[in-house]
Amino acid sequence: MTSRLQASHEPSSASTPRRRTVVKAAATVAVAAPLAAGALPAHAAEPPAFLHGVASGDPLPDGVLLWTRVTPIPGAEPGSGLGPDTDVHWELAEDKAFTRTVAQGTVTARAASDHTVKADVRGLRPATDYWFRFTAGSVTSVIGRTRTTPAYDVSAGNVRFGVVSCANYEAGYFSAYRHLAARQDLDAVLHLGDYIYEYASGGYPETDQVLRAQKPAHEILTLADYRLRHGTYKTDADLQAVQARHPVIAIWDDHEVANDAWSGGAENHSPGSEGPYAARVQAAKQAYFEWMPVRPATEGTVYRRIRYGQLADLHLLDLRSFRSQQAGVGSGAVDDPERTITGRAQLDWLKQGLSQSQARWKLVGTSVMISPMAFGSVPAHLLGPLAELLGLPKEGLAVNVDQWDGYTDDRRELLAHLTDHAIQDTVFLTGDIHMAWANDVPVRAATYPFSKSAATEFVVTSVTSDNIDDILGVAPQTVSLVAAGAIKAANRHVKWLDMDSHGYGVLDVTAARTQMDYYVLSDKTDANASARWARSYRTASGTQRIERADKPVA
């Protein structure tokens, strides 16, 4: 049995704000170098601890990435730089009792990587459950479970993912993660971005709505700040549970760095007072790759491809690192072919991957919605809240310029590629906007449903981040009924829209169809919130159309 160890990655760099109070935010500053490990305090003889759980991610047919973080001495919180380098032993076994260990090794948790460790284990069997744990000194971590993907040449019967997005620590409890952790039937959990939020405490949500305080209290700007914020999130018991139970496949959106981020800046970044944007991006990305069980396929990015046999290819996009600055709403710049949301190299990579895919289903993980949206018929009194949710200036709602609507040439080229090459069974999986949607993706929205649908899209709502009810302080099924009805009337490719709920999705893929089951939480402010099935929609193979399903798959 062979294994390969991989240390934490260090990618290269690529207020009362005027910001979206609901979906986006950040500021910036130059990266602060991590503190050098200082002299050990008197209690340094106490054993190390695993305070942030364990995780696995980016599964392959023959391997998986294992992750943990060691607290080497009391008080060595994330970002502090305190504590000695510490050897960590890892084990992977075919049984939870570890009587059949198949791989093991030792890696050093270093202050330079915030005492996080990764083990990239290979030589495993496809489509197999494994259990893993870490040991440092006399202390052993909790046991995690993971699962490899099917062999590339195998026609798997089905694959099932939990799907989540937009989890704000101060805005609610991560009950969605707890319910996904309780499921025994998932191959992986797909996180579509906004895994952390970078606001100051009380910046989003406002102070009187904060349920639990995060660290640091200020808006995160430096490498130490990003490390501490990631560490705070990973103290959450529900988050620890889901990452210990299922392998995680994650991409980022903007809040992992800054609100409405683009390649050269962000909506709320002020270089004069907050330092160079590139320095902040470097800090955010370094912390992300240290703290997340993710392999950077291209240095400093998260776009990559994970295959589930001949059933499904999962194409994961990075829609922040390469995009042009957002255009103004109503500006003809949204159609400028020189502007891009993907970058040329990534779009070519995606098109080639879709053309060459031998899988029945082409799943595309995109952090922002690709379906076109028109908002002309939305009542005036709802424009403000929707503008906050969708990242739009309140003066107009012609397009959502932070999403694919603001980069129409890239979308046109991608959809034309799908239709010109007769690429069927493409499904976009999306987060970002704190609402659940089930959409056809029309080639020409203005003439839909008489024009072609090139693909379909399932959008999951937020785990905790505010929706329209939270913004307005109203009960569900009040103003949302009017807003949802107006949006659907103006956008006939939208088959369903839930503007009220927080929750998660469960995506089940078979050769015949792909189905998303939408689950909603009883109350995001209740740490013991229940979950219930709300709706299901599916795409039958060969149709490129959404249809309602009358029950969840499981």
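Which residue in strand 19 is the bridge partner of valine 163? In strand 19, that partner is glycine 505. The model is predicted: local features need pLDDT of at least 70, side-chain atom pairs count only at pLDDT 80 or more, and totals for chains, interfaces and linings use all residues. Residues are numbered from 1 along each chain as its sequence is written, and side-chain values use heavy atoms, with hydrogens and water left out.

Strand 19 spans residues 503-510. Helices (H or I, at least four residues) and strands (E, at least two) are DSSP runs, numbered from the N terminus. Two strands pair if DSSP finds at least two bridges between them. Strand 9 (residues 158-164) is joined to strand 19 by six bridges, and the two run antiparallel. Strand 20 (residues 513-521) is also antiparallel to strand 19, with seven bridges between them. Here leucine 507 stands opposite methionine 516. A hairpin of two residues links strand 19 to strand 20.

Eight of the eight residues of strand 19 are buried, so the strand is largely enclosed by the rest of the structure. Buried means under 20% relative accessible area, exposed over 50%, and partly exposed in between (1.4 Å probe, protein chains only). Gly503, Gly505, Leu507 and Val509 point one way from the strand. Tyr504, Val506, Asp508 and Thr510 point the other way.

A further sheet is open and holds seven strands, in the order 12-13-14-15-17-16-18, with mixed pairing. Its edges are strand 12 (304-308) and strand 18 (494-498), each of which pairs on one side only. Neighbouring strands of this sheet are turned by 20° against each other on average, direction ignored. Axes are lines fitted to C-alpha atoms, for helices over the stretch in contact, and angles run from 0 to 180 degrees between N-to-C directions. Strand 14 (residues 361-366) and strand 15 (residues 426-430) pair in the parallel sense over five bridges. Lysine 362 stands opposite threonine 426 in strand 15. Helix 6 (residues 344-356) packs on the sheet and touches strand 12, strand 13 (312-316) and strand 14. Contact means heavy atoms within 4.5 Å. The direction of helix 6 makes about 175° with that of strand 13.

Two cis peptide bonds were examined. One joins lysine 215 and proline 216, with omega about -15°. Proline 216 lies in the loop between strand 10 (188-191) and helix 2 (223-233). Another joins tyrosine 448 and proline 449, with omega about 15°. Proline 449 lies in the loop between strand 16 (436-442) and strand 17 (453-459). Aspartate 58 sits in the loop between strand 1 (54-57) and strand 2 (64-69). Aspartate 58 is buried, with a relative accessible area of 2%. Aspartate 194 lies in the loop between strand 10 and helix 2. Aspartate 194 is buried, with a relative accessible area of 0%.

Glutamate 274 belongs to helix 4 (residues 271-274). Glutamate 274 is buried yet has no salt bridge (a side-chain nitrogen of Lys or Arg within 4 Å of a carboxyl oxygen of Asp or Glu). The nearest side chain of opposite charge, arginine 280, is 5.4 Å away. For charge, Lys and Arg count as positive and Asp and Glu as negative, while His and the chain ends are not counted.
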